[in-house]
Amino acid sequence: MASAIEVSNVSKEFVLRHTRSIKEAVVWLVKGRKGDLSKKFHALKDVSLMVETGETVALLGLNGSGKSTLLKHISGVMLPDSGSVYTRGRVAGLIEVGAGFHPDLSGRDNVYLNGAILGMTEKQINERFDAIVEFSEIGEFIDTEVKFYSSGMYLRLAFSVAVHTDPEVFLIDEILAVGDEPFQRKCIAKIQELAEKGKTLVVVSHDLDLVSRICARGVLLEHGNVMFDGPISEAVTRLRN
Amino acid sequence: MTTTISGELTRPGLGGGFRDLRQSSFLLKLLVRKELKVRYRGSVLGLLWSYVKPGVQFVVFYVALGVFMGLERSARNPDGLSNYAVYLFSGIVLINFFSEALGNSARSIVNNGNLIKKIYLPRELFPVASVWVSAVHFFPQLVVLVIGCLFAGWHPDMFQLLAAVGGFAIVGFLATGLGLLFGAANVYFRDSENLVDMLLMVATWASPVMYSWTMVQAKLGPVFFAIYQANPITVGVELFHYAFWYPTTDGSAAMPPNLFSLWLPIGLVISLVVLVLGQLTFRRLEGRFAQEL
């Protein structure tokens, strides 16, 4: 098998700036750079992670451990300060569902817009449109503006678009916690189906029972370091203690 | 290392600049359509606003400048500009296009911050889509202008129509370049959008939109007039005058000297240089957009 994701020695430092105005920056310079205009902290420290094609990996850790940051490096939203990230094939993220939705557009328009944002071509969206609507159970409301949708409907449509993008590598960040029970089960079944098809999955979630059902491998992060990398059951046990 | 589904290993997040735009042309189209749909949502007049606003602007300027301040040629004011209404409006539509394009593209990155923070896509799309939307809004104004011109006895030749295309291209490139530059800078310092607002105010008066270029030449002298002429917006406005206003006059009005042999190429080159610089700056800064927004 070939690797799908190669993360080598990635470090990322965040600068927490306290100002967004030139005036304050100039005043700070004039005053002889007294005090700190910015604070730095390490979000990722020398992280390496190899994921083979078809693997299902869960990134675990407490809040602020760097899971989402790592995911953003894999998707290309962020670039590493040092080290390198390589991916193979198309990567699509279910990173906060509905980020690409516009409330004033109809469900139909949003399917097209979001599909294109996630990298689908016009032809692909046309072909999969019916499947997307059917999976989302939106039915006749597809031509209603999404601002009138309930949060469940919104989520279902967004999730449905994302799972139909058919990428090689699927990134999922903390989205399975929402939606009602039946739909959640449907989502999980869909994700498991993707995994069986040989898609690579990288999941971030705090729902430990859920990730242990979906993923085979667990990577435990703490303050930007990889603490453990191995079978999911062991990773979950470690995190719980 | 044999797998069927995969291609080569690639580094995510490294944009290819304008090359990405061709691949994402479908997304660009959808973004433009979204902006157009969202712009006048919930308003009764809808797209009519694109006609009403410049129309009112034109009347105000025409009455204040043309009539009160005496720029319009009349029996009592033989030194004025003939067909001042057409003169004024042909400049206004171009400035409106520039203002809208630059103003919106400078804000486009911050306004789409939610998306940029979460999903990777070529970020140039947002400023470019803003310019595109402005071009769509420019169209109805152009229609109004042409109708006005026809009433004033407009009979352009091919060359004059090409001059309009040239003027539009110069201003479009300039707006895109500055939009990329200020759009990227705005992520780091929100002062950028205020700077743009100020710049736009200056731009309106730093080109012969309301007044005639001869007044500038008379006051400034050759050196400063050359600087004035090197402004791509000035060139664009003068090209529009040449295309829309000049063919409605008796041809006795003077066009700026060397407009086609010197200033048109200069304006085009400056605009393209700004475009390239804007794109380079944008690419340097875009790597950190996600964490700065």
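**Exercises on a two-chain predicted model**

A:Lys199 is found in the loop between helix H6 (181-196) and strand E7 (200-204) of chain A. Helices (H or I, at least four residues) and strands (E, at least two) are DSSP runs, numbered from the N terminus. This is a predicted model: local features need pLDDT of at least 70, side-chain atom pairs count only at pLDDT 80 or more, and totals for chains, interfaces and linings use all residues. Residues are numbered from 1 along each chain as its sequence is written, and chains are lettered from A and ligands numbered from 1 in the order in which they are written.

**Exercise 1.** Decide whether A:Lys199 is buried or exposed.

*Solution.* Start with the cut-offs: buried takes 20 or more other C-beta atoms within 10 Å, exposed 12 or fewer, partly exposed in between, with C-beta atoms placed from the backbone. Then count. A:Lys199 has 21 C-beta neighbours inside 10 Å, so A:Lys199 is buried.

**Exercise 2.** Find which residues A:Lys199 is in contact with, leaving aside neighbours within four places in sequence.

*Solution.* Contact means C-beta atoms, placed from the backbone, within 7 Å. The partners are A:Glu168, A:Phe170 and A:Leu194. Now check A:Leu221, 22 residues apart from A:Lys199 along the chain: their C-alpha atoms are separated by 23 Å.

**Exercise 3.** Describe the side of chain A that touches chain B.

*Solution.* Count first: 38 residues of chain A are in contact with 30 of chain B. Next, find the largest share: strand E4 (82-88) of chain A gives five residues. Last, look at pairing. E4(A) and strand E1 (residues 9-10) of chain B pair in the antiparallel sense over two bridges; pairing requires at least two DSSP bridges. A:Arg88 stands opposite B:Leu9 in E1(B).

Note on methods. Contact = placed C-beta atoms within 7 Å.
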